[in-house]
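Here is a short report on a single structure. Look through the sequence and the model first, then read on.

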Amino acid sequence: MADKSEVAQTETAEAEAEGFFARHRPYITAAAITLIFVMMTVAIYQLTSEVRYDDVIAALMGTSITSILLAILFTALSFLALIWYDANAIEYIGRKVPFHSMAATAFAAYAIGNTAGFGPLSGGAIRFRAYSRLGLSPGEIARVIAFVTLSFGLGLLSVSAISTFIVAPRIAAIINVDAAVLRAAALAIIAILVLGAYFGRNGKAIRLGSWRLRLPDSRTSSRQFLVSALDIAASASVLYVLLPETHLGWPTFFAIYATAVGLGVLSHVPAGLGVFETVMVAGLGNAISIDQLLGSLVLYRVIYHVLPLVVAILVMIASEMKQFAARPLVSDIGQLAVRLAPPLLSAYAMLLGAMLIFSSVTPTPDSNLDFLANFVPLPIIEAAHFLTSIMGLILVVSSRGLGQRLDGAWWIALVAASAALVFSLLKAIAVFEAAFLGIFIAALVANMRSFNRHASLIKQALGPSWLGAMTVIVAGAATILLFVYRDTDYSHALWWQFEFSEEAPRGLRAVLGLVLASSTIAIFSLMRPVRYKPDAIQADDIVKATSIVMQQDEADANLVRMGDKHVMFSETGNAFIMYGIQGRSWIAFTDPVGDEEDFPDLVWEFVEAARSAGARAAFYQISPSLLSHCADAGLRAFKLGELALVNLTTFELKGGKLANLRQSLSRGARDGLSFEVIDPPQVPDILDELKQVSDGWLTHHNTREKRFSLGAFEPDYILSQPVAVLRKDGKITAFANIMVTDTKKEATIDLMRFSVDAPRGSMDFLFVSIMQHLREAGYESFNLGMAPMSGMSKRDIAPVWDRIGGTLFEHGERFYNFKGLRAFKSKFHPKWEPRYLAVQNGADAALALMDVTVLISGGVRGVIGK
């Protein structure tokens with residue numbers, strides 16, 4: 001017994017630990033990334049103890065123009081290979097998209113991913129926005145993202161292992177590791193990859209423990225290996241040609257470079273900042289002068305990371321110029337670039353912010369400072385230097401709002417960038433800095449229309465990932481300050497030294513301002529108060545929402561008549577979202593209702609309102625057409641099932657296809673069933689009979705009324721719509737309320753209740769009769785509702801969510817009649833359309849579904865007691 005008790009306690013403790021990690025995962029991840037960065041900066045600071053800032057600048061300035069041009073050429077080759085990652089992925093999933101659109105999407109995705117880090121997330125968001133508009137489904141886009149991510153990882157691992165095996169003695173001499181050990185490790189990796197490719201050839205699935213993975217066929221794998229080799233070789237060559245002349249061979253350098261890139265990616269630090277540099281300095285410090293290596297690393301970052309992003313921004317600006325936009329090819333790429341303007345400008349704003357912050361802690365060239373001393377008073381130079389760092393921090397913070405298309409972020413970024421441009425000239429005549437800021441300002445002005453969400457940036461709080469990124473940048477600035485002025489003796493007097501020649505105090509004050517400002521932002525983000533829940537829906541709101549419902553096509557929107565949900569109207573008042581609140585979940589039901597032009601802003605306003613209340617936003621049973629808007633708001637899609645739609649214009653009982661339904665109709669007629677549709681004005685006359693049937697049905701099934709995604713027997717709700725009834729011997733034995741709109745595009749039913757003595761087959765009889773009636777009345781389609789967990793992907797590379805859903809559908813009959821419901825709807829030969837749940841992450845998906853269950857069941861008691 002004691003052993004069982006200890007096991008139970010251990011399992012409980014493990015469950016509590018897992019729950020704690022799940023709840024605080026974003027904060028733990030951000031803290032881990034920050035810790036890794038700090039460790040790397042300490043390491044590189046110690047590794048460069050003999051290096052001085054002036055030597056690094058001299059090495060940087062000594063780089064030849066030929067080397068820079070070669071680096072730009074290799075950058076272009078690397079990005080060309082990166083584009084082929086996407087081309088191979090799209091071919092692998094069996095789809096076709098215009099090459100120029102695909103190339104522009106891939107280029108933007110990698111330009112942003114290289115700068116912001118978190119490539120599968122940041123680049124993945126770009127792909128979702130672009131490819132969804134090119135006709136790819138969410139599942140197909142997910143497969144593209146998985147393909148390019150896996151291809152890069154396996155390609156990096158394979159080429160680095162091969163190069164390490166070839167030049168193991170040289171690498172061993174540099175990093176003081178036995179060459180035999182290096183070769184053995186490289187050979188083991190190569191063997192595993194070869195075996196995996198062999199056993200997974202022709203698309204066969206391989207198992208890695210509990211993981212099951214289906215690899216591409218041999219042709220696709222070999223082609224992707226060549227693309228990966230070209231990409232990594234070209235990107236390595238960018239840095240190699242920037243290095244000074246050295247006896248270090250390219251293969252040896254390549255092996256160390258690939259390792260540094262891999263560790264930078266695994267660290268999840270934005271752009272691998274600090275991690276990549278530390279590994280390169282540790283690996284090459286014995287073969288290359290560290291001051292020259294650091295200068296080359298700075299140039300490498302500018303050419304390989306900054307330049308592609310600047311090119312993407314310039315293409316976006318050019319697309320607004322009429323003489324270019326008139327050309328078809330340029331127009332297509334330009335339109336795509338404009339759609340991707342918010343994430344591009346967001347990444348560029350973060351880059352500029354980091355640039356301004358880092359420049360505020362580095363000394364101004366003596367010649368520039370001497371020139372400024374003749375024209376600009378010292379207080380202005382001191383103020384410009386200090387304020388430049390604050391403007392950089394503001395750009396970093398506003399970059400989040402730019403990615404979310406906030407008009408407030410646009411204005412703040414425009415003002416901060418304009419002020420920084422002036423300050424950059426006043427503090428150091430920083431021409432290149434001013435030029436980058438000028439490009440940013442021009443891009444903001446050219447794409448002003450893209451930032452049309454009326455939300456205040458000041459009311460937003462930064463999440464853990466953004467707080468972590470801000471911390472990394474500020475910590476990086478402090479590290480640069482310590483490196484640049486490592487020979488300066490610290491004293492309290494430094495804080496009060498204001499002289500043209502004193503650079504260290506200037507940088508020290510800039511870092512202090514950054515720490516205070518960033519700390520204030522972090523405290524506000526973590527400690528801001530939670531707002532109160534919105535007021536309950538009012539009668540006037542129901543009337544207004546109902547008038548919108550009747551003018552659009554979705555019949556399910558009539559559930560707003562229940563009055564059990566909150567309603568959020570768009571700014572124009574032409575659309576609304578109906579939603580329920582349970583726990584920390586704000587759950588919108590179906591797509592927004594009304595004018596589709598209002599949907600993007602309405603989705604965003606709902607998500608922000610939920611976040612400002614400290615809650616999670618979720619969209620339940622939404623259509624594929626809404627997914628791109630949800631992605632813009634930072635939400636992920638999880639498939640719930642499929643909706644069954646019957647085309648009433650072609651619905652006929654003739655022929656063998658619907659013979660079973662024809663027989664059910666004949667059987668019902670023989671049993672004495674008669675069908676009638678009661679219009680709303682006459683429903684009060686039969687309300688008491690309907691209630692008797694409803695109460696009997698609830699009692700017989702030992703259940704209670706449902707809510708949220710289903711209606712309940714409320715008199716006002718029943719009286720607002722037509723009711724279909726079945727009579728036997730003049731007595732009502734079954735009924736269903738019919739939900740319709742004035743457009744007659746779609747109709748559906750909600751409540752469907754039967755008395756205990758209703759003849760067998762009454763359900764089929766009622767459904768067929770309703771459909772025939774609606775067809776004769778001119779309605780185009782009939783909504784049979786959703787079959788949960790139906791149509792989930794069964795591929796081995798399908799998301800975990802789909803595999804869990806598919807398992808529930810196949811083996812979950814004891815919990816819910818998934819297969820039976822799908823089979824019943826299939827009798828009518830409907831068209832199946834996917835429906836999704838959109839939330840921020842997988843953990844939120846599970847929690848939101850639990851809260852949906854409580855909402856539908858009318859509370860926790862309803863969940864427990866049916």
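A residue is called buried when its relative accessible area is under 20%, exposed when that area is over 50%, and partly exposed in between, using a 1.4 Å probe and protein chains only. By that rule Ile33 is buried, with a relative accessible area of 9%.

This is a predicted model, in which local features need pLDDT of at least 70 and side-chain atom pairs count only at pLDDT 80 or more, while totals for chains, interfaces and linings use all residues. Residues are numbered from 1 along each chain as its sequence is written, and side-chain values use heavy atoms, with hydrogens and water left out.

**Two contacts across the sequence**

Helices (H or I, at least four residues) and strands (E, at least two) are DSSP runs, numbered from the N terminus. Ile33 belongs to helix H1 (residues 2-47). Its C-alpha lies 5.7 Å from that of Val269, although Ile33 and Val269 are 236 residues apart in sequence.

Ala89 is part of helix H3 (residues 65-92). Ala89 counts as buried, at 0% relative accessibility. Ala89 and Gln224 are 135 residues apart in sequence, and their C-alpha atoms are 9.3 Å apart in space.

**Helix pairs**

Axes are lines fitted to C-alpha atoms, for helices over the stretch in contact, and angles run from 0 to 180 degrees between N-to-C directions. Angles under 35 degrees count as roughly parallel, over 145 as roughly antiparallel, 65 to 115 as roughly perpendicular and the rest as oblique. A crossing is left-handed if the near helix is turned anticlockwise from the far one by less than a right angle, and right-handed if clockwise.

| Helix pair | Angle | Axes | Crossing |
|---|---|---|---|
| H18 (residues 407-428) and H19 (residues 431-446) | about 160° | 9 Å apart | left-handed |
| H15 (residues 341-359) and H17 (residues 378-403) | roughly 160° | within 7 Å | left-handed |

With packing at about 160°, H18 is roughly antiparallel to H19. H15 and H17 are also roughly antiparallel to each other.

**Helix H23**

How far apart are the end C-alpha atoms of H23? They are 20 Å apart, which agrees with the span for the 14 residues of H23 (residues 599-612). The expected span is 1.5 Å times one less than the number of residues. Of those 14 residues, 11 are buried, so H23 is largely enclosed by the rest of the structure. Among the buried residues are Phe599, Trp604, Phe606 and Arg611.

**Rings and charges**

Rings of Phe, Tyr and Trp (its six-membered ring) pair if their centres lie within 6.5 Å; planes under 30 degrees apart count as stacked, over 60 as edge-to-face and the rest as tilted. The count comes to 25 aromatic pairs. One aromatic cluster is formed by Phe79, Phe107, Tyr240, Phe253, Tyr257, Phe276, Tyr300 and Tyr304.

A charge sits over a ring if NZ of Lys or CZ of Arg is within 6 Å of the ring centre and within 35 degrees of the ring normal. Lys544 lies over the face of Phe569, 4.3 Å from the ring centre. Lys744 has its charged end over the ring of Tyr779, at 5.6 Å from the centre.

**Two loops with positive phi**

Most residues other than glycine have a negative phi. Thr590 has a positive phi, near 60°. Thr590 sits in the loop between strand E5 (585-589) and strand E6 (593-594). Asp729 also has a positive phi, near 60°. Asp729 is in the loop between strand E10 (723-728) and strand E11 (731-740). Are these residues buried or exposed? Thr590 counts as buried at 13% relative accessibility, whereas Asp729 is exposed at 72%.
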